[in-house]
Amino acid sequence: MPRLPVNRTVLGIDLIDSGSNPGYHLDVAAQKTQELIGAALASRQVMKADAVDWQHTGDGLLAAFPEELLGDIIDATQVLDDLAAEHNRWRKPDVRLRISVGVGPLPGHEGLHRTNVDCARMLDAKVFRQVVSRCAEASPLEFSTGLIISAKAYQDVFSGPYTELVRQRDFGQISFQHKETASTAWIRVPHFEAATLLSFAEAGPAPSPAAAGGPALSAAGGGVVNQVNGTMRDSIQAGEVRGGIHFHGGRGR
């Protein structure tokens, strides 16, 4: 009878909106992401050689480490945020990342197993993507990374003084479902309070410019639709205009 595999710490990372980069930036962004990941892990004395599984995912990473490195891995996510922010301040293309961390039984050989599949599901969870997107919109100059960790990882790492850089109070709890995975998790985005993250999670996707009251092309005629709240004087936005237009005060235009 096979024995239950030992628990591992699993790290998932994905480069946000990598496909929107021009072609000449695609490889650069992926290479820079791997470089920053390596530097962040090394800052906490975690090396690639420590990994029992290390799989590149094109523009990201899915890796597994010994369970006892959980605190160092979570602290490394803060270092990664700092490094990405410094890069984005001075260089292009931007490196903005979604990060997930989980803990669970995992065989000591490469492959897709329940623990790393669940870690990947957290990374792609709709509500997490939504929170990250809203953080990027609210503070585009400060946002660099968002972190989601499993309920077990949260419980284990904050059961004692196992982190130095990442604080428990910065996390907010969410529920998520992605494909066959439904669970709870904890999210953190540097520079944002937990209450703000939870409000983003509950608010739903950000509205389109048309829904928010901005101009938009109509699907049928290619014209401009204006939604005005309040009073607007002597101003009009239009596509094709025929006939006379009169503003209050009787002045023809």
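Q: Where does Val 117 sit?
A: Val 117 lies in helix H3, which covers residues 114-124; helices here are DSSP runs of H or I with at least four residues, strands are runs of E with at least two, and both are numbered from the N terminus. This is a predicted model, in which local features need pLDDT of at least 70 and side-chain atom pairs count only at pLDDT 80 or more, while totals for chains, interfaces and linings use all residues. Residues are numbered from 1 along each chain as its sequence is written, and side-chain values use heavy atoms, with hydrogens and water left out.

Q: And is Val 117 buried or exposed?
A: Val 117 counts as buried because its relative accessibility is 16%, where buried means under 20% relative accessible area, exposed means over 50%, and partly exposed is in between, using a 1.4 Å probe and protein chains only.

Q: What does Val 117 touch?
A: If residues up to four places away in sequence are not counted, Val 117 touches Leu 112 and Glu 180, contact being heavy atoms within 4.5 Å. Val 117 also lies 9.8 Å from Gly 12, C-alpha to C-alpha, although the two are 105 residues apart in sequence.

Q: OK, switching to the sheet: what's the strand order?
A: The sheet is open and has seven strands in the order S2-S3-S1-S4-S5-S7-S6, with mixed pairing; two strands pair if DSSP finds at least two bridges between them. S2 and S6 each have a single partner strand and stand at the edges, so one side of each is left without a neighbour in the sheet. On average, neighbouring strands of this sheet are turned by 20° against each other, with direction ignored.

Q: Which sense do S6 and S7 pair in?
A: S6 and S7 pair in the antiparallel sense, over seven bridges, and the bridge partner of Ile 174 is Ala 185 in S7. As for H3, the helix packs on this sheet and touches S1, S2, S3, S4, S5, S6 and S7, with its direction at about 155° to that of S4; axes are lines fitted to C-alpha atoms, for helices over the stretch in contact, and angles run from 0 to 180 degrees between N-to-C directions.

Q: What about the nonpolar core, which residues touch the most other members?
A: In the largest nonpolar core, which has 36 residues, Leu 11, Leu 41, Phe 65 and Ile 149 touch the most other members; such a core is a set of buried Ala, Val, Leu, Ile, Met, Phe, Trp, Tyr and Cys residues joined through side-chain atoms within 4.5 Å. Two or more residues each come from strand S1 (7-15), helix H1 (23-43), S3, helix H2 (70-90), strand S4 (97-105), strand S5 (145-150) and H5. H2 gives the most to this core, with seven residues.

Q: Who's in contact with Leu 11, then?
A: Leaving aside neighbours within four places in sequence, the contacts of Leu 11 include Leu 41, Phe 65, Ile 73, Ile 99 and Cys 119. There is also a second, separate core of 24 residues, which includes Leu 62, Ala 64, Val 131 and Ile 174.

Q: How many aromatic pairs are there?
A: The structure holds six aromatic pairs, counted when ring centres of Phe, Tyr and Trp (its six-membered ring) lie within 6.5 Å, with planes under 30 degrees apart called stacked, over 60 edge-to-face and the rest tilted. The rings of Trp 54 and Phe 65 have centres 6.3 Å apart and planes at 80°, so this pair is edge-to-face. Trp 54 belongs to strand S2 (residues 53-56) and Phe 65 to strand S3 (residues 60-66), so the pair links distant parts of the chain, eleven residues apart. Phe 65 is buried, with a relative accessible area of 0%.

Q: Last topic: how many salt bridges does the structure hold?
A: The structure holds 13 salt bridges, each a side-chain nitrogen of Lys or Arg within 4 Å of a carboxyl oxygen of Asp or Glu. Asp 170 meets Arg 167 in one of them at 3.1 Å, N to O, and Asp 170 also meets Arg 188 at 3.8 Å, N to O.

Q: Is Asp 170 buried or exposed?
A: Asp 170 is buried, with a relative accessible area of 12%, and Arg 188 is buried at 6%, whereas Arg 167 counts as partly exposed at 42%.
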